[in-house]
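Let's take a friendly look at how two chains meet and how one of them is built. Have the structure open as you read.

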Amino acid sequence: MHDKTVTQLAAALKSGELSSRELTSHFLQRIEKADGKLNSFITVTAEQALAKAEAADKARAAGNAEPLTGIPLALKDIFCTQGVKTSCGSKMLDNFIAPYDATVVEKLSAAGTISLGKTNMDEFAMGSSNENSYYGAVKNPWDLSAVPGGSSGGSAAAVAAGLIPAAMGTDTGGSIRQPAAFCGITGLKPTYGRVSRYGIIAYASSLDQAGPMARSAEDCAHLLNVIAGHDVRDSTSMARGVPDYTETLNAPLSGLKIGLPKEYFGDGLDPEVEKAVRDAVKVYESLGATVREVSLPHTHYAIPAYYVIAPAEASSNLSRYDGVRFGHRCDDPTDLIDLYTRSRAEGFGEEVKRRILIGTHTLSEGFFDAYYTKAQKVRRLIRQDFLDAFQEVDVLMGPASPTPAFDLGAKKDPVSMYLQDIYTIAVNLAGIPGISVPAGFAGGRPIGLQILGTHFAEAQLLNVAHQFQQATDWHLKLPAFAEENA
Amino acid sequence: MQWETVIGLEVHVQLATRSKIFSGASTAFGAEPNTQACAVDLGLPGVLPVLNEQAVAMAVQFGLAVHADITEVSIFDRKNYFYPDLPKGYQTSQMYHPIVGPGDVEITLDDGTTKRIRIHHAHLEEDAGKSLHEDFQGMTGIDLNRAGTPLLEIVSEPDMRNAKEAAAYLKAIHSIVTYLGISDGNMAEGSMRCDVNVSVRPKGQEAFGTRAEVKNVNSFRFVERAIAYEVERQIELIEDGGTVVQETRLFDPDRDETRSMRTKEEANDYRYFPCPDLLPVVLDQAYLDHLRNQLPELPADKRARFESELGLSAYDASVLSASREMAEFFEEVHQVCGDAKQAANWVQGELSGALNRESLSIQNSPVSARQLGELVSRVLDDTINGKAAKQVFQALWNGQGKHADDIIEAKGLKQVTDTGAIEAMIDQVIAESPAQVAQYRDSEPEKRGKMIGYFVGQVMKASRGTANPQQVNGVLKDKLDALL
């Protein structure tokens with residue numbers, strides 16, 4: 001069962017071949033057996049899941065099943081889940097039981113899916129390796145000495161190891177696409193505004209977006225159908241109709257114009273990653289696509305611009321964690337300042353503190369114009385680069401990451417960690433959608449191909465990704481770990 | 001040394017929306033602590049703000065009422081600082097592109113002169129919660145019911161030069177916001193709060209002196225007192241060789257003084273930046289026109305109309321247009337009885353007197369405008385005389401009848417105007433008062449005027465107050481003179 005896609009499992013449930021209870025038990029057992037080695041889950045909600053599975057089977061028997069009724073999945077611990085611990089990977093929220101469900105959680109539940117638990121992540125979504133979690137690092141099931149990527153490392157590892165068929169992640173600078181690439185699965189970051197942010201613990205409000213992580217683009221399409229759409233509770237969500245993303249998966253690719261940004265194939269790109277990506281592009285050519293080189297001239301400003309804007313927004317978003325109303329509070333505070341400083345010093349990890357300091361600095365008097373205002377101006381140029389490129393081509397392709405997954409503990413210098421996001425980060429600044437699909441291996445560690453489209457082009461992206469997955473089988477590969485821990 | 005005072009006011013007006021500016025929680029006053037703060041108001045992880053359109057409409061209406069430019073694209077900015085009554089650790093406000101641009105307000109001073117006070121801008125923001133420092137054994141209680149209530153902050157230019165002007169400006173603002181119905185303007189309940197910026201400079205000097213800010217003054221009188229104290233304090237300080245420090249102060253009404261609020265910390269750097277959770281507020285001309293068409297007649301226009309069209313005195317016009325409720329009450333009385341001057345007299349006199357004695361607002365008047373209008377009509381058409389009218393008013397006030405006519409009927413207060421009846425009564429009184437008649441006949445002509453009063457009184461008594469006094473006077477004089 002654990003090597004099946006959501007699409008296949010849904011069919012099996014529909015045909016009666018499997019019951020939801022069997023399916024849910026199966027994955028819960030796998031989690032129990034294997035997750036000690038991966039550390040991909042923070043909270044497993046076994047009882048609730050089994051109860052929901054029973055209910056799903058009953059609903060199906062009564063003829064009330066939705067397409068995804070009874071499908072188990074997991075939620076990155078950044079989504080508020082009512083009555084269930086929601087830690088955001090941080091000691092600051094170790095004691096936080098969310099009193100409400102995020103919109104995405106509500107929608108997934110209404111569609112009949114069953115959450116098996118909350119997955120591990122870099123603290124407050126700040127990280128590219130899942131080594132910044134209060135709950136310990138997550139391991140990559142392809143190589144336990146490697147990182148799974150971040151910040152949605154837990155979701156990626158759990159799906160790759162076959163502990164769940166799909167999971168939700170969030171992506172602010174690459175946090176769905178890069179771990180998907182490192183773990184050999186498919187991960188989609190939708191257009192900013194496509195999916196509601198209500199109930200997602202905020203890191204950088206103008207960049208955060210939730211998306212599906214699964215074994216195939218087709219699975220991602222099914223999940224996007226559920227989670228996409230306007231939400232009155234999120235003023236930045238688009239009031240725009242949601243198409244059926246599965247309908248156009250099989251549209252033929254002939255005539256598709258692919259652009260390869262020359263800036264994505266320069267220094268620092270691992271030669272094996274480059275080869276895998278170029279081979280993938282050849283597959284597309286064989287399917288009838290044409291390829292040309294394009295330029296995104298402001299690419300090298302993306303990381304500096306991001307690391308001004310995201311920390312600035314984060315420094316403000318994280319001010320509410322003050323030990324007063326919820327979350328970690330220090331013992332015996334002597335006065336208000338002591339309450340604030342010790343609660344926050346104790347509750348936040350190193351990287352979170354680092355970004356709060358950076359963000360506070362870039363917003364402060366005397367520095368605001370030089371940093372924040374300037375970064376926003378650069379952001380507009382970066383966005384324009386993409387819009388200009390999409391005048392010439394339909395989609396852009398390139399590596400999701402400059403290297404495959406690196407070793408745990410390999411990147412001690414924060415800046416070298418930041419440079420991991422080089423191909424993913426501009427996408428969030430521009431607000432466009434992006435998907436990462438498995439495209440090969442280097443040294444036993446997966447390589448991801450990133451495909452980018454213009455705003456609200458998810459249907460096209462999923463179609464382009466799906467066609468690749470019809471012509472190749474990278475996405476079907478499972479790590480040995482998945483079989484060893486059956 | 002001659003000194004000049006310079007005053008600017010920042011008025012925070014709580015807008016009378018039913019729910020908060022960024023959430024659906026109630027804004028009703030007086031609830032148990034922390035029962036009107038939803039997840040959004042509490043700043044829980046993951047929540048997002050959604051703008052209340054009514055707050056925007058109210059801000060725009062204020063802008064239109066003060067002849068201000070309405071900003072086509074206004075932005076919400078985050079003002080970042082830490083305090084327990086500020087759940088998110090930032091206040092959503094408008095720093096760089098406020099919704100209302102420069103405007104002005106005309107104030108009327110005691111001597112009747114007017115002055116134009118410029119408004120620098122007005123912006124929308126969310127209120128913080130309340131910190132309660134008593135009753136918690138040395139700790140502070142935080143009530144977040146107020147967190148998220150919409151505020152319109154109205155910032156004036158430093159155009160005021162004395163406490164009276166400041167009070168007049170504050171009253172004008174109060175009048176406008178209550179007229180528009182965008183706030184109940186209840187300063188005691190905190191619906192309207194004032195920060196007063198005061199500085200002094202030598203007369204003739206162009207540059208402003210250093211100002212002190214007195215925060216959260218919540219009555220007109222306290223504003224005047226705070227200014228008076230500050231001016232004296234600053235002048236004394238400078239004349240003693242010191243310098244005024246730019247600082248925040250609080251007014252203590254019990255001690256009638258201002259005190260420095262300054263702590264050891266440096267001034268806050270609020271690190272304003274546009275709130276990424278909210279969209280820019282874009283207002284088109286159609287929306288502005290729609291709101292403009294809904295504006296009621298404003299106080300200044302009403303006052304002017306009362307003077308020019310209804311012929312009221314400047315004073316009467318001013319009093320009657322002070323509040324929308326008063327003005328509308330008066331207008332209805334006028335509409336029913338048709339005489340502006342009479343209507344004005346009755347509203348300002350008998351009615352206001354009774355309301356004040358029982359501390360009632362005009363909205364809670366036991367006598368309605370229609371009822372009063374009917375009463376005044378009966379005075380105007382001579383059905384009753386002034387004295388009887390007062391009785392009828394009292395009866396209406398006490399709920400003894402729905403209409404003046406019913407009370408007049410029931411109490412037999414209809415004025416006697418029939419000449420024959422009056423003559424008969426007068427004849428009776430004269431016949432019964434031989435001594436006084438003799439006294440009248442024997443007095444000097446100049447002294448007789450005073451003596452008529454006795455006879456008039458007797459006739460009024462005989463008629464149980466219903467005889468028309470003017471007629472009685474006239475007929476009585478003729479009859480007495482005929483006896484000479």
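## A sheet in chain B

Two strands are said to pair if DSSP finds at least two bridges between them. With that in mind, this predicted model shows an open sheet of 8 strands in chain B, in the order E5-E6-E9-E1-E10-E11-E12-E13 and with mixed pairing. Strand E5 (103-108) and strand E13 (257-260) of chain B each have a single partner strand, so one side of each has no neighbour in the sheet. From one strand to the next, the twist averages 30°.

Helix H2 (residues 53-65) of chain B lies across E6 and strand E9 (150-156) of chain B, at about 165° to E6(B).

## Where the chains meet

The contact draws 30 residues from chain B and 36 residues from chain A. About 2,700 Å² is buried between chain B and chain A, with carbon and sulfur atoms giving 60% of that area. On the chain B side, Pro45(B), Leu48(B) and Phe82(B) lose the most area to chain A, together 24% of what that side buries.

Which residue forms a salt bridge with Asp277(B)? The partner is Arg197(A), with the closest N and O atoms 2.9 Å apart. The count between the two chains is 1 salt bridge, and 18 residue pairs are in polar contact across the interface. Chain B's side that touches chain A divides into 21 nonpolar, 4 polar and 5 charged residues.

Definitions and conventions:
Residues numbered from 1 in each chain as written. Chains lettered and ligands numbered in written order. Predicted model: local features only at pLDDT ≥ 70, side-chain atom pairs only at ≥ 80, totals over all residues. Heavy atoms only, no water. Contact = heavy atoms within 4.5 Å. Buried area = accessible area lost by both parts, 1.4 Å probe. Salt bridge = Lys/Arg side-chain N within 4 Å of Asp/Glu carboxyl O. Polar contact = N/O pair within 3.5 Å; in protein donor to acceptor, adjacent residues only side chain to side chain. Nonpolar A, V, L, I, M, F, W, Y, C, P; charged D, E, K, R; others polar. Helix = DSSP H or I, 4+ residues; strand = E, 2+ residues; numbered from the N terminus. Axes fitted to C-alpha atoms, helices over the stretch in contact; angles between N-to-C directions.
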